[in-house]
Amino acid sequence: MDKFLVNGPCRIEGQVNIQGSKNAALPILASTILFDRPVIIKNLPRVRDIDTMLNLLKSLGLKVQLFKHKRTVRISNNKKLKFLASYSLVKTMRAGILVLGPMISKYHKSITSLPGGCLIGARPVNFHLNALKKLGMKYEIKKGYIHAKSKGKLKGAKIKFPKISVGATENSIIAACLAKGETILKNCAIEPEIKDLTNFLISGGAKIKWIGKRTCRIIGVDSLSGTEYSVMGDRIETGTFCVAATITNGDLRIKNFNPKIIQTEINILKKIGAKIKTSKDEIHIMGPKNIKNISSITTKEYPNFPTDLQAQFMVLLCKAKGRSVITESIFENRFMHVGELRRLGAKILIKENKAIIEGNTKFVGAELMSSDLRASVALVLAAIVSSGKSIINRIYHLDRGYENIEKKLQQIGVKIKRLT
Ligand code: UD1
């Protein structure tokens with residue numbers, strides 16, 4: 001298993017290009033099941049979750065052709081679809097459940113593996129299933145699989161999600177595109193990746209309109225035509241590099257990303273002391289000599305602070321002068337990085353869903369274990385500001401979502417090496 005060796009402390013300086021968004025590309029790829037004609041999707045990130053989704057689509061019978069160093073894909077439907085989304089693919093990536101909505105909507109039949117729990121929380125799919133049921137899907141759960149079908153086309157419905165869910169909103173929007181009549185979805189997630197998905201679907205002829213802050217109206221159409229679309233930039237990768245620059249008193253230009261999307265994060269970084277200049281598609285960030293603490297950050301649905309940046313900001317606040325508190329309100333078990341950070345010298349106390357971070361930490365390098373995607377990158381950030389060598393094990397978690405992270409970090413001054 002690959003590991004990273006980091007020799008710290010390092011200062012970050014230079015320029016980095018942001019990859020296409022993994023969390024936008026995944027639902028967009030799943031939704032290609034709906035299309036009758038070939039679609040071309042550009043700016044794919046070259047990360048393992050995207051490979052998994054493409055393998056899942058191939059396993060269903062779609063034709064997948066990659067171009068331009070695997071950043072562009074042409075997907076066409078060769079009409080001989082299989083209906084089984086297997087456990088072996090869905091278990092490694094929960095977004096596999098996103099093929100259920102389009103399969104039912106287009107083919108009225110699907111056997112999709114339940115994704116199961118994961119380390120950061122139970123992560124059930126009840127909101128997905130309940131919403132699809134309201135659109136006319138019938139299902140039974142047998143031996144870990146959702147056996148689903150519908151009597152012909154799905155039928156538009158009014159659905160109010162009991163809680164905001166990114167995946168359930170995506171599955172329902174995709175399914176409603178080919179349903180008969182009007183669907184109104186209330187209490188939707190409005191993450192930028194969802195807007196990217198709806199823009200993609202609209203470009204193929206779907207009739208989707210946002211008619212309120214969290215309300216979306218979809219009028220079903222008979223079919224979607226071919227389209228070409230470029231995926232938005234990755235806001236979590238951007239946020240991660242912003243933290244890297246801030247924590248190392250660095251000077252970094254982050255290219256190919258629209259800063260308006262991460263205004264909440266930028267405001268927090270400014271409070272912490274970072275100097276930030278933005279233009280249409282660039283962020284220039286300079287880290288402060290002394291990092292200020294923040295009395296309270298709470299993870300919450302967009303446009304609030306994202307849970308996917310909680311671990312990275314925790315590392316940053318370990319270096320602040322004074323105590324900070326982070327509250328995790330999305331997932332019930334998303335503090336797994338804390339134990340590893342303590343091994344580097346962090347003083348963090350966990351009280352239910354709150355992490356109380358003492359600050360003023362002098363990190364000293366150690367051997368560490370990755371637990372999930374975002375926790376792993378937090379360990380890399382901590383290793384960058386630790387004195388001496390750190391080894392980070394199980395970096396396959398990182399490869400799920402960060403493209404060439406060690407090369408990008410090397411180019412901006414980090415002494416990091418992949419040991420295979
Ligand atoms: C997506 C993101 C993930 C991010 C998360 C929250 C992708 C591929 N993944 O995950 O990176 O951390 O949003 O921003 O885009 N829930 C239920 N029942 C359901 C669905 C969700 O109880 O049917 C709960 C979850 O357990 C969680 C909360 O709702 O506590 C939010 O989860 P959700 O927004 O659905 O996250 P994902 O779509 O899985």
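The shell around the ligand takes at least three residues from domain 1 (3–19 + 233–419) and at least three from domain 2 (22–230); the domain bounds come from an automatic or database domain assignment. This is a predicted model, where local features need pLDDT of at least 70, side-chain atom pairs count only at pLDDT 80 or more, and totals for chains, interfaces and linings use all residues. Residues are numbered from 1 along each chain as its sequence is written, and side-chain values use heavy atoms, with hydrogens and water left out.

Now the shell itself. The ligand is surrounded by 16 residues, and the closest are N126, S165, V166, D308 and I330; near means that a heavy atom of the residue lies within 4 Å. By class there are 6 nonpolar, 6 polar and 4 charged residues. Here Ala, Val, Leu, Ile, Met, Phe, Trp, Tyr, Cys and Pro count as nonpolar, Asp, Glu, Lys and Arg as charged, and the others, Gly among them, as polar.

Which helices supply at least two residues each? They are α5 (126–134) and α6 (166–176), and α5 gives the most, with 3 residues. Helices are DSSP runs of H or I, at least four residues, and strands are runs of E, at least two, numbered from the N terminus.

Next, polar contacts, meaning pairs of N or O atoms within 3.5 Å. A ligand oxygen lies 2.7 Å from a polar backbone atom of F127. For V166, the distance from a ligand oxygen to a polar backbone atom is 2.7 Å. The protein buries 86% of the 750 Å² that the ligand exposes when taken alone, by the Shrake-Rupley method with a 1.4 Å probe.

Conventions. A polar contact is a pair of N or O atoms within 3.5 Å; within protein, one must be able to donate a hydrogen and the other to accept it, and residues adjacent in sequence count only if both atoms are side-chain atoms.
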